[in-house]
Amino acid sequence: MSGSIGVVGGGQLALMLAEAARRLGVELHVQTPLATDPAAALATSVVLAPIDDLAGTRALAALCQAISFENEWLNLDALAALEAEGVVFLPRLQALQPLVSKRSQRELLGRLQLASPRWIPLEAVLAPPAGLAPGPLPQPEGGPAAGGWQPVILQPANPPEPAAPHLPEGFSFPLMAKAATGGYDGRGTACIHDDEELAALLERVPPEQWLLEEFVTFEQELALVACRDRDGNVRTFPLVQTHQHNRVCDWVLAPAPVSHAVQARARNVAASLLTALDYAGVLSVEFFYGSAGLQVNELAPRTHNSGHYTIEATATSQFEQQVRIVQGLDLGDTALKVPGALMVNLLGFETAESSYEEQRRALADLPGASVHWYGKRESSPSRKLGHVTVLLSEQQPEQRLQEAMDRLDQVRAIWPLPPE
């Protein structure tokens, strides 16, 4: 098998795409700013340029037949110029347009009538300035032509201060504030508990670039990685349960201990999104599940942390699937090869420069464990340095959950969580 694809970005997701491409015999070229970025060591070649550098992306396009992306921080207007020149992007830029902003994601979900938390733009809490209502001033009979009358614009002598921010009817604290773009791993989010915290948020962020969502009380956080090829064929990986620490993904359990009805609903949501967008590639959907049912939390138009377990646990990994789609190959089988799997992120628990070889050896010695190290030079609290996947053997969901928690304890004895 031969072929050549490009990836804009050189982090750990691009690294695992490069690993999958090698197994398939596909050349993978990356555009990334540093030769020390994780994917640089395995890529067929590297275009050293910032990921938003259009000249760099044009150079990348000269090396391959199609280009994909490691993350959604994209200037689609700039990339459209390359698309007009014949560069093939997968997913297509038009399909990505509603996904690169959390605001446009929420609008998309509303149009498709897919359940998600209620939300408002942050600027909606700002009251309009007080003062005279706009509109034409009354004129004397006959108007200016009759007697040379000129209108006088009335203004308050001392314009009043804008009213304090207030929540629209139907919304109440607490609320989740989210940056519309650029937020990840807990960054770009804040829980707002009262008017004082809301006013402080407005002081430090541009309101037009943020949104407020109702605070969702959930029983579980779930995620689904789905994929669609160029011909419109759709497949989904197993629905998984995710757990966060400091708003960063801590661990993932596959499959999620939920009913078949919930699994089917999640698959239908993902298929609806892929089809409505005419999307070709891997798409990740994060859900809340609780008394309000299944609600879409966020969408990620790429491979995703919640799908890392697929490298060992499914017939085709999410990374191989993305390579297959961009290269134009048939989709692979997404079924589990084992009863289940636990993926644990190796989050930085200190600020240091270390390769943590002793801890990595101890993790690799755990039964059924596979360690993936991303090659980052510096550790900082909650930074994703790698992950470990442990294959599970219990067939029944309750026993498998207990097995997963026991194996999580083993990992935690070697690799502690970062402080709260």
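Contact is taken here as heavy atoms within 4.5 Å. The model is predicted: local features need pLDDT of at least 70 and side-chain atom pairs count only at pLDDT 80 or more, whereas totals for chains, interfaces and linings use all residues. Residues are numbered from 1 along each chain as its sequence is written, and side-chain values use heavy atoms, with hydrogens and water left out.

The chain contains 12 helices and 17 strands; helices (H or I, at least four residues) and strands (E, at least two) are DSSP runs, numbered from the N terminus. Along the principal axes, the C-alpha atoms fill a box of roughly 95 × 50 × 45 Å. Of the 420 residues, 51% are buried, where buried means under 20% relative accessible area, exposed over 50%, and partly exposed in between (1.4 Å probe, protein chains only). The accessible surface comes to about 19,600 Å², and carbon and sulfur atoms account for 50% of this area; areas were computed by the Shrake-Rupley method with a 1.4 Å probe, and for residues only the protein chains shown count as cover. Among contacts with a separation of 6 or more, 63% are between residues 24 or more positions apart.

The largest nonpolar core has 42 residues, of which Leu 239, Leu 273 and Phe 287 touch the most other members. Helix α8 (residues 260-277) supplies the largest share of this core, seven residues. A nonpolar core is defined as a set of buried Ala, Val, Leu, Ile, Met, Phe, Trp, Tyr and Cys residues joined through side-chain atoms within 4.5 Å. When neighbours within four places in sequence are left aside, the contacts of Leu 239 are Leu 222, Ala 223, Leu 224, Pro 255, Ala 256, Val 258, Val 262, Gln 263, Ala 266 and Phe 287. Another core, of 39 residues, lies apart from the largest one and includes Leu 17, Ala 20, Tyr 309 and Val 323.

Pro 255, one of the contacts of Leu 239, lies in the loop between β12 (248-254) and α8. The peptide bond that joins Ala 254 to Pro 255 is cis, with omega about -10°. Arg 247, in the loop between β11 (240-245) and β12, is a residue other than glycine with a positive phi, near 65°; Arg 247 is partly exposed, at a relative accessible area of 42%. In the loop between α8 and β13 (281-290), Asp 278 also has a positive phi, about 50°, although it is not a glycine. The relative accessible area of Asp 278 is 41%, so this residue is partly exposed.

Strand β8 (residues 210-214) is largely enclosed by the rest of the structure, because four of its five residues are buried. Strand β5 (residues 119-121) runs antiparallel to β8 and is joined to it by three bridges, with Ile 120 opposite Leu 212. Strand β6 (residues 175-179) also pairs with β8 in the antiparallel sense, over five bridges, and Ala 179 has Trp 210 of β8 as its bridge partner. Pairing requires that DSSP finds at least two bridges between two strands.

Strands β6 and β8, together with β7 (189-192), are among the elements that cover the buried residues of helix α7 (residues 195-204). These buried residues are Leu 198, Leu 201 and Leu 202. They lie on the same side of α7, because their arc around the axis is only 100°; the arc is that of the directions from the helix axis to the C-beta atoms. Glu 196, Glu 203 and Arg 204 are exposed on the other side. The N-terminal end of α7 is capped by Asp 194, with a side-chain oxygen 3.2 Å from the backbone nitrogen of Glu 196.

In helix α3 (residues 76-84), the residues Leu 76, Leu 79 and Leu 82 are buried. The buried residues of α3 fall within an arc of 105° seen down the axis, so they line one face of the helix. They pack against α2 (54-61), β4 (66-69) and α4 (93-96), while Asp 77 and Ala 84 are exposed on the other side. At the start of α3, a side-chain oxygen of Asn 75 comes within 3.3 Å of the backbone nitrogen of Asp 77. The loop between α3 and α4 contains Pro 91, and the peptide bond from Leu 90 to Pro 91 is cis, with omega near 0°.

Lys 384 belongs to strand β17 (residues 384-392) and counts as buried, at 11% relative accessibility. The side chains of Lys 384 and Asn 305 are joined by a polar contact of 2.9 Å. Such a contact is a pair of N or O atoms within 3.5 Å; within protein, one must be able to donate a hydrogen and the other to accept it, and residues adjacent in sequence count only if both atoms are side-chain atoms.
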